[in-house]
Amino acid sequence: MDLKLRVWRQKGAGDKGRMVTYQVTGISPDASFLEMLDVLNEKLILDGDDPIAFDHDCREGICGMCGMMINGVAHGPERATTTCQLHMRHFADGDTIDIEPWRAAAFPVVKDLVVDRSAFDRVIQAGGYITAPTGAAPDAHATPVPKADADAAFEAATCIGCGACVAACPNGSSMLFTAAKVAHLGLLPQGQPERGTRVVEMIEAQDAEGFGGCTNAGECTAVCPKGIPLSLIGRLNADYRANLLA
Amino acid sequence: MTPFWTEGDPIADTAAPDGPIETRWERRKFTAKLVNPANRRKLTVIVVGTGLAGGSAAATLAEAGYRVRSYCYQDSPRRAHSIAAQGGINAAKNYRNDGDSVYRLFYDTVKGGDFRARESNVYRLAEVSANIIDQCVAQGVPFAREYGGLLDNRSFGGTQVSRTFYARGQTGQQLLLGAYQAMERQIALGNIAMFARHEMLELVVVDGRARGIVVRDLVTGEISTDMADAVVLASGGYGNVFFLSTNAKGCNVTATWRAHRKGALFANPCYTQIHPTCIPQSGEHQSKLTLMSESLRNDGRVWVPRAAGDNRPAGEIPENERDYYLERIYPSFGNLVPRDIASRAAKNVCDEGRGVGPGGLGVYLDFADAIERLGRDAVEAKYGNLFEMYQRITGEDPYAEPMRIYPAVHYTMGGLWVDYDLQSTIPGLFVVGEANFSDHGANRLGASALMQGLADGYFVLPNTLGNYLANGPYEPVDAGHPEVVAARAQVEDRIARLLAVDGDRTVDSFHRELGHIMWEYCGMERTSEGLVKAIGLIRGLREEFWQRVKVPGTGAELNQNLEKAGRVADFFELGELMCIDALHRAESAGGHFRAESQTPDGEALRHDDEFSYVAAWEFGETPTLHREDLTFEYVHPTQRSYK
Amino acid sequence: MNTTARPKAPGAKVPKRRSRTRSTVALKLLMAVTGLLLVAFLFAHMAGNLKIFVGAESFDHYAHWLRDLGTPLLPETWFLWIQRLGLLAAVAGHIAAATILARRARRARPVRYAHRPRVQGSYAARTMRWGGVIVVLFVIYHILDLTTGHLNPIGDKQHPYANVVADFAPERWYVTLFYVVAVVAVGLHLRHGLWSAARTLGQRTVAGERLVKAAALVLSVVLVAGYLSVPFAVTTGLVK
C-alpha cells in the first residue's frame, strides 16, 4: 500500500509544531499502524532526517503507552482497539492519514506524538488505591464478594490509562478514567472505608491538573480501547454527591 | 583458537539455612538482622523497574519506612510489561480440596524446572504463594469469583490441581495495578520518589558494594547519578535479544548487563522459554509477536500438510493428506504436550518444509472438530476473546479456517545469580523477579512468573534486605567520588561513541539480524556446531554495529533510537554469553535442547551426573564459569516422558 | 547521604486545588438541580399557555390569578415576584456554572486538532451551549414581549389573550419563526439536559438509562408540541 501521511512534528515543549507530509510506499496490509511508522522511521533515519517520536511498548494493546489521533479519532477508526492493534488493512491504498498527538492542557506535548500523561498518576495518588500495607491482609476468603460486583469491578479495572478518553473529550476531561478507578475500588468491600474521601480527592486532583469537566457527551467511551462504559461516570457522580458536604 | 570460556572456582549459596526445608524461611527471617524503624528513614534504596517485582518491592519497602527511589523507562510505573501476563497466578491455597499443598507446589516447580533450580528457594516460593493472594485481594485486585462470592481457580499448564487464580485473561494487568496503586500511595506520602522515563545505564560500585546508579532522563537526555544504601534490580527478562518475542518493545537487559559487567555473576543465560501458541510473523515489518493462551490446545488440533511444499489452502487439503504430528508422535498426551516439546515439534515440521503461511513458519491449530463436537457457541464461549484477538491481528476468521500458530520467545529463566537473600555477588545489589535466575530452573511452569515476581517483592526482599542494611551503616558516597565520576564518564562516553559512528545501517536492522542468529542457533534446538557458528556471527555483527550503526539526533533530547542503540549494544554481549552457556551445557534440560543430547526416540536427555549445577558466569574478555552444585534432598531427579 | 547531581522527582509538583464546592462535579450538580427547577417551571408555564384553547376569558383569568396567587397571606404579586426571583437565581446559577465549565473546558484544550470529524454524541449534546444562548436571547425577548409588553404590538397588560393573538398574526411570521426556533432549541437542550442531569445526579443502571432516555425524549416532545400548538393555532386561525 502507498499512503500519504500528515504527521504533527514538534521538536520539544517549547517548539510551536506543525503538520509535515510524508509519503510511505510498499506497506503490507498485515502491518500494524505502528509498524507502518517503523518503516517510515527507518527510511527517515537513512535519509538523514529526524524520525518521528511516538510512545509505544507492549504492542499488544494492554500497556496503554501508545496512542495518537488518527484522522481525528483517538486510536483510529477501529472500535475498542489501541493504536498498536490497528492494522493497515483497515485503510485503502492511496489514503491520506492525519496523525496528531493527544491534545490537552494536562497532557503537554513532549516531542512529536509523545505527550506527558503523568497527570493520570497524580490523580491516582490522590486516592486511587486501597490502603492495605503488605502483610496486614486477612485470608482471601474472609470476605466473599458477590460475583456480579467482582465482575463489574473487573470491567472497570481494565482501564489501561492510555488517555484516549481525554483526547476525544470535547472538554478535555478525564472523567471516564477517574470514574473507572472510583468504580473499580468502590464496588469491592475492601474499597468501602475510603470510598467517600477517594472520590472527592480524586476529583479535586483531576480539576487541579487542568482537565475539563464532563458534559456527558460520550466521546470518551466511543474511543475507549477497553470499552469502559459511560455509566461509571453516573456512579462517580452519585458517590461524589453523597460525600460532597461530608 | 582461544577457548570460549575458562573454569573458575565453584560458588555456593551461603545465605540459605539448612535443616528441614519447611522451617528454613522461618529460620532465615529470625536470624536476619533487623533495622530499627527510626533508622529506616535514614536509609535509601534504589529500585530499578516497576513491574510486579519492582513495584511490590518499592511499595513494601516504603511502607516499612525506607526512602525509596524508583525508576522506570516507561512514562508511568503502571506500564511495566508484567501488565501483559494473561493466564494467572499459582498459589498453594488448596481452596479446591484437591490435594494441593505447599509441598506439592514446591514439588511441581522443581520437577517442572527439570531439576535445575534450588530446592530452598522453590520451597519458600511455594510457602509465601498463599500470602500473595491474600495481599492482592486486600488491595482490591478483582480476581474471578464464583457465585458464592469465593475465588475461582483453574488448572493451568497441565497440573493436576486447580491452584491458578485469575482475572479473565488479564491477571498480570490486575496484579500490576494493585502494586502500582500501592506505590502511588507511597509516592503521595513522600516515601517513594518516582522517576518515570528514566533509564539506568550503569551501576556504581564503591569499595565492592553497590552504592548507586547512573541514569539518563529520557526526555531531556540529562545524565545523573543517584546514590543509595542498596540497589534493587527488578528490570525483567532479556527475551528481546531475539528481536521478535512476546516482550514489550522496550524490554532490555541493560540494567542487569551493566551490573554483570561490574562483577555480578549471570546465571544460566541459555535457559529461555519458547511458547508454542503465538501468532506467526506476517512479514519483515513484524515488530513483535503476540501470545495466545495455551488453553487453545485443549480443544484445537495441531497439523501440517503431509507433503512438503503443499501450499493449497487448508480447506482443500483432504484429511488423509494432513499430519496431526503431535497426536502421531505423542499418542498419550497428544496436543497437550508441554510447551518446549510442542514448540520443538513445530520447528521440526517447518524445517522439513511443511510449515504453512507466509515464509512457511507456522502450523495449523484447527478448531473444526471442536466446533462440530461442541457447537460454535460453546467454542465461542470458551475461546471467543482469543479468536477475536487472532482475527484483529491476522484479519482471518478462525471459525472458518484454521488458526496459524508458531512458537515465540516468551520468558527467560536465566538472570543475575542471587543467593537465598536475593543478593547478587555484589554486596548491596539485590535482584528480584524475572531479572534473577532463582526459582524456575531450566523451565518455568505456567502461572508461576507472576507468583515469583510478587513473592520476591512483597515478601522475600523486604525481609532479607534489612539484614544487609543492618550490617551498615555504610560510608556516605557523594557524586564526586572517583568511582561515581568514572561510572558517569563511562555512560557519557558510550553515548558519545554511539552517536559518533554515524554509519549507514539502522539500529533495528542490526537488532533484527542479531535476532535471526539467536533464533536460528540458540533457539528451540541448539547444536555445538551451530553455537560456535553463532558466536562468530555475533562477534562479527557486533563489530559491524560499532562501525556502521546510524543513530540520528543528539544525546540531549528525547531520542528513541539512541535508547535502542544502547540496549542492542548490550544484547550483542549477552547473546554471545547465551551461546557460550548453551555450548558448554552439553545436555538437554527444560528450555535448553541440545540436539546431541537426546534419547533414541528424540526426547530431551539430561545428564545429572555432569550438569546438575547452576552455571554462573563472570564477565571478562573470556567469561569465567563458576558452578553452584545443586543437591536434591526432597525431590529426586527423574527423566520426563510424554509418550 | 549526599544528594548532589541526583535527579529531582517530577512527582513533586503539587497543583493548586479548588474548594470542593467549585469542583467540576459540584458545578454540574448545580446545573442539574437548577435545570430541573427550570423544567418544572416550563411545564407549569405550558399548562397555562394551553388555556388559550379554552377561550380568551379563561386565559386572561388565569393570567390575573397568577398575580393574586399567595393572597391574602402575601400582598398581591409578591408570590409572583418570589417565583421570579427564584427562577432568576436558577437561571443565573445555571448560566454561571455553564460558563465556568465552558471556560475550563476551553483551557483544558488550548491547541485544537487539525483534523477533527464529528464522531459520536447526539446533535443536542454538541449544541448545548449554542442552544442555551438562543434560549436566553429568546427569554429576554419573550419577557419584553408578553410580560412587560414593550415589544408587543398591543401590549395591553389587562388582556394577555389579545397580546398573544396579535403576536402570532400571519404577517408577523418572523416572530413566530423566532418562537419556533427557540422552542425547538429548548426541546433539544432538554433532551440531552434531562438525560445529563440524571447522570449527574447519579443515574447509572442499564434500565435507568433506557427509562431516562425515553423520558427525556417524551418530555421534550410534549413540551415542544405544547408550546408550538399556540402559535400554530393563532397563525392558522384556530385561535382568534
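Guide: Two residues are in contact here if their C-beta atoms, placed from the backbone, lie within 7 Å. This is a predicted model, in which local features need pLDDT of at least 70 and side-chain atom pairs count only at pLDDT 80 or more, while totals for chains, interfaces and linings use all residues. Residues are numbered from 1 along each chain as its sequence is written, with chains lettered from A and ligands numbered from 1 in the order in which they are written.

Visitor: Which residues are in contact with Arg339(B), leaving aside its neighbours within four places in sequence?
Guide: Gln273(B), His275(B), Pro276(B) and Glu294(B) are in contact with Arg339(B) on those terms.

Visitor: Why does Arg339(B) count as buried?
Guide: Arg339(B) has 25 C-beta neighbours inside 10 Å, and a residue is called buried if 20 or more other C-beta atoms lie within 10 Å of its own (exposed if 12 or fewer, partly exposed in between), so Arg339(B) counts as buried.

Visitor: For what does UniProt list Arg339(B), and in which helix does Arg339(B) lie?
Guide: An unreviewed UniProt entry lists Arg339(B) for "active site", although such annotations may be inferred rather than shown by experiment. Arg339(B) lies in helix H9 of chain B, residues 339–351, a helix being a DSSP run of H or I with at least four residues.

Visitor: What is the reach of helix H5 of chain B set against?
Guide: With 21 residues (119–139), H5(B) reaches 30 Å from its first C-alpha to its last, close to the 30 Å expected, the expected span being 1.5 Å times one less than the number of residues.

Visitor: How many residues of H5(B) are buried, and what follows just after H5(B)?
Guide: H5(B) is mostly covered, with 19 of its 21 residues buried, and just after this helix Gly140(B) takes a positive phi of about 95°.

Note on methods
Helices (H or I, at least four residues) and strands (E, at least two) are DSSP runs, numbered from the N terminus.
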